[in-house]
Amino acid sequence: MAVKSTAVGFCGDGIRGDCKVILEPSNKPQVRITSTVEAMFGRAIRQQVADVLSKFGDPPVSLTLEDSGALPWVIEARLEAALCISLGQELPPLASKSPARKRNKKRRTRLYVPGNTPKFMPHLGLFGASSVILDLEDSVPEREKQAALSIVRHAIASLDFGQSEICVRVNNSEEAKAVSRAGAECILVPKVESAEQIKHMADAIQSVQSDAVMIAILESALGVHRAYEIATASERMVAISLGIEDYLTDIQAIRTDTMWETMFAHGTVVNAARAAGISPLSSVYSHVDNLEGMREFAAWSRSMGFDGVGCLHPSQIGPAMAAMAPPDDAIEEATMIVREFEKAQTQGLGAISVRGKMVDAPIYQRAKDLLAEVN
Amino acid sequence: MSVNDVGRRFPTLVNGRSVEGFRGIGGFIPKGRHHGAPIKTCRDFSSQGDKTVESLVVALRNAGLRDGMRISTHHHFRNGDLVAEQLFQAAEQLGVRDLVWFPSAVFPCHESLLRHIHSGLIHHIEGSLNGPVGEFASAGKMPGLAVLRSHGSRYRAIQDGDALIDIAVIAAPSCDAFGNMTGAQGPAACGGLGFATADAQFADHVIAITDHLVPFPCAPWQIPGNYVDQVVVTDRIGDPTQIVSGTTRLTRSPERLLIAKKVADFVGKTGVLHDGWSFQAGAGGISLAFAVYIREIMRERGLKARFIRGGSTEVLVEMLEEGLTEFILDGQTFDLEGVRSLRENPNHLMTSPFTSYNYHSKGNIASMISCALLGATEVDLNFNANVVSHSDGRMLHGIGGWQDALFSECTILALPAFRNRVPVVRESLTTFCGPGELIDVVVTERGTAVNPRRQDLIQAATEAGVPLTTLQAIKQEVEAFCGGPPEPASLTGRPVGVVTWVDGTIIDSLYEIP
């Protein structure tokens, strides 16, 4: 068996909640462990390392673990990734702890987090995002892809994400399979330009018997041009979104504050999604310190017809949610419409007048949708 | 070793002085009179008011420095202090030994002074220890015991005569030849000099050291020159970049922002916040974010504070200038805006540990504050808390004003539920620093727990729809993903320090950690 030297993960100054695993081929296997929490968890860490090594058949490696306070699932993920890379193996199967949940709520806010940064992950369920997106794509350098996949799988299988939908942005169908099996509820497919890409990805998810749904991100002129085909390519498709920076580069536009250069793509995505009966999602707002800007962007996105926006920092969620929430008077009116219409139905009436405006079935439905969202 | 009323062991003799164990809040009744400094007369001093001498060496010689004396300094320069280093260099030249250094706090910049312990110049440091100096003491390398006292308790110890100061060396950012001094002016301006007031009044001998000598009078003075024996002028007393930060930036840590928001929400909805209220918040990440959030709520609801107790920062200064508070009562000044405001605004007042925190005095402002927001390293299921040690038993923080501020009407500990895998809610504290009777609320990113003693707050929170949890529930949730409770620290080594309660009794001990 050929054993490769490898190093996975991070430790040292400025690193919290992570660890680094270094493996070297060795005929005399040995284990060296240092930890910032040695006094409190040293014994538990040594036991965990021994257990994982035994699961891999105690391979001929010398293992160094430098721990900066990693949680047990992070240590597990780092050890597994290092051993798999070193021994040239696939990541071992990891089963989900619970079946994917069905979601009815709109994806108002989706919070992105880099896939190879475990310290952020235990808190992700606390911020009230509609979805959290563990990212394996742009935020992860090429050489860390496998380590990140290991972290993301274990995060999904170990952590409580609260009411937030668990999404993963993947690079390929192999990753989609691995994270779907671990319990991902939604797969984000980046750089989509054709219906075939979506069908291929849907087949991969199907092959591991997952119920995960899909969101396509359109990031090129061709992708936007084919928005409707993509939106209707699979039953699993629930939304399409726009990767605006890549798109603008592709169409050779110049970024301005007016956002005029983005109008066609934004409008196309909304129209294609609505025509396909799925949800249009606006892009992320990247100025994380400008919360007023976030609020304006979310309000603008909502007025365009988008159901939600992307967030890069949890502090963006509150302003975004507030900007997209229906105003109080709309809620009050919807409450009255639903009450009056349901009363009229029991009396056999199909259309009534509320505050001097005619209310029929579609208006009743819209009022009900609005209330479903705020309750 | 003896055992006190909260079941903690303590040495009955601390650096040669016999001590008593903690007897519960208010359990210890002091007797006797305050300590008095020796009587001196003006005939011993220049009638022209010139007390300057040419160097610290000369000043120390004039002061009669000899082996075993206790010398105090202060931490108003925080990590930019250059005085302690100069002081002990001067003492070294006089060939003395076994001095006791009695600082109001130590900082990482004081690591260089450890060489004087190795050489025998300093016998031990009697104060709150942290950083490299704390590591040193926890490793058992310091002779004598570290004595950890809160700011209020340090004042009390000096005034009661528990801690006799032979020579106090007070760093003065601006000073005249008579010894009148202020921290609000000069190149090393740091704000208030409150921490030095006890030393000025009660030490046998007082030396002011300054890099900014101004003609008499240095006005308005914070400490009058009538307490001062000698004035030394030196090149530099502090590094301004380390004394105050230019701006105090809001934390970006999502969970800290979330904790601060939960605190503001709790305070805003349970009636703790009301018109004319007061609060204390420091310069830590959560405290600063809390100030920002509560300011927003106060603006929206048109509520004003009567006073805010600092640690003053830019945010508090903005609140003062905007009219959201009528006063800042400032214990120490954390940034340049705080220094400016203290200098310019008559409603920004300097306080000392006597006027803000002293338990052995005729009333205590600490208990008049509507709400105090504090941190902790550990909390047990009865709301008792630790603020001085790591969970492995090593010294981590000084007590600062923490114990003193526990007396507020609503004391809130705001803390992350775990740090680097180590859960904060513990079955048993590594070091017992503050009784749960005084701790009303614990807020973590995973929920808010109210002390069952505060049924009024529980009812108010329930009526306002503020979700509550219990410390037990937080403990369980966090232990589930941290891999169980941490192994308890091994507290079997010899004692290396004691933690005093505000009344001078010993509440717990710190032990040598191998």
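Predicted model: local features only at pLDDT ≥ 70, side-chain atom pairs only at ≥ 80, totals over all residues.
Helices here are DSSP runs of H or I at least four residues long, numbered from the N terminus, and a pocket is an open set of grid points with protein on both sides within 12 Å along at least five of seven lines.

The largest share of the lining of the second largest pocket comes from α11(A), which gives 5 residues. This pocket holds about 1,300 Å³ of space. Its lining counts 41 residues, and those closest to its centre are A:F127, A:P314, A:I317, A:G318 and A:P319. Both chains take part: α10 (291-304), α11 (317-324) and α13 (361-374) of chain A each supply at least two lining residues, as does α8 (254-269) of chain B. By class, the lining of the second largest pocket has 18 nonpolar, 9 polar and 14 charged residues.

Chain A brings 24 residues to the contact and chain B brings 21. The area buried between the two chains is about 2,100 Å², with 61% of that area given by carbon and sulfur atoms. A trio made up of A:M40, A:F41 and A:H123 supplies 30% of the area that chain A buries against chain B, more than any other three residues.

Polar links also cross this interface. The rule finds 7 residue pairs in polar contact between chain A and chain B, both residues being at pLDDT 80 or more. On the side of chain A that touches chain B, α1 (38-55) and α2 (72-87) of chain A each supply at least two residues. The largest share of that side, 6 residues, is from α1(A). In composition, the side of chain A that touches chain B has 15 nonpolar, 6 polar and 3 charged residues.

Salt bridges deserve a look of their own. Side chains of opposite charge can pair when their charged atoms come close. Across the interface of chain A and chain B there are 2 salt bridges. A:D289 pairs with B:R252 in a salt bridge, with 2.7 Å between the closest N and O atoms. Over all chains, the search of the whole structure finds 54 salt bridges. Within chain A, A:E137 forms a salt bridge with A:R169, and their closest N and O atoms are 3.2 Å apart. This pair joins distant parts of the chain, 32 residues apart: A:E137 sits in the loop between β6 (131-135) and α3 (145-158) of chain A, and A:R169 belongs to strand β7 (residues 165-169) of chain A.

The largest cavity contains about 60 Å³ of space. Its lining includes B:F102, B:P103, B:E126, B:V147 and B:R149, along with B:S104, B:H151 and B:R154.

About 40 Å³ of space lies in the second largest cavity. Among the residues lining the second largest cavity are B:S104, B:H151 and B:R154, with B:Y155, B:I158, B:F195 and B:P353 also included. Here α5(B) gives the most to the lining, with 4 residues. The lining of the second largest cavity has 5 nonpolar, 2 polar and 1 charged residues.

Key. Residues numbered from 1 in each chain as written. Chains lettered and ligands numbered in written order. Heavy atoms only, no water. 1 Å grid on protein atoms, 1.4 Å probe; cavity = no way out; pocket = protein on both sides within 12 Å on 5 of 7 lines; lining within 4 Å. Points joined across faces, edges and corners; volume = space filled by probe spheres on them. Nonpolar A, V, L, I, M, F, W, Y, C, P; charged D, E, K, R; others polar. Contact = heavy atoms within 4.5 Å. Buried area = accessible area lost by both parts, 1.4 Å probe. Salt bridge = Lys/Arg side-chain N within 4 Å of Asp/Glu carboxyl O. Polar contact = N/O pair within 3.5 Å; in protein donor to acceptor, adjacent residues only side chain to side chain.
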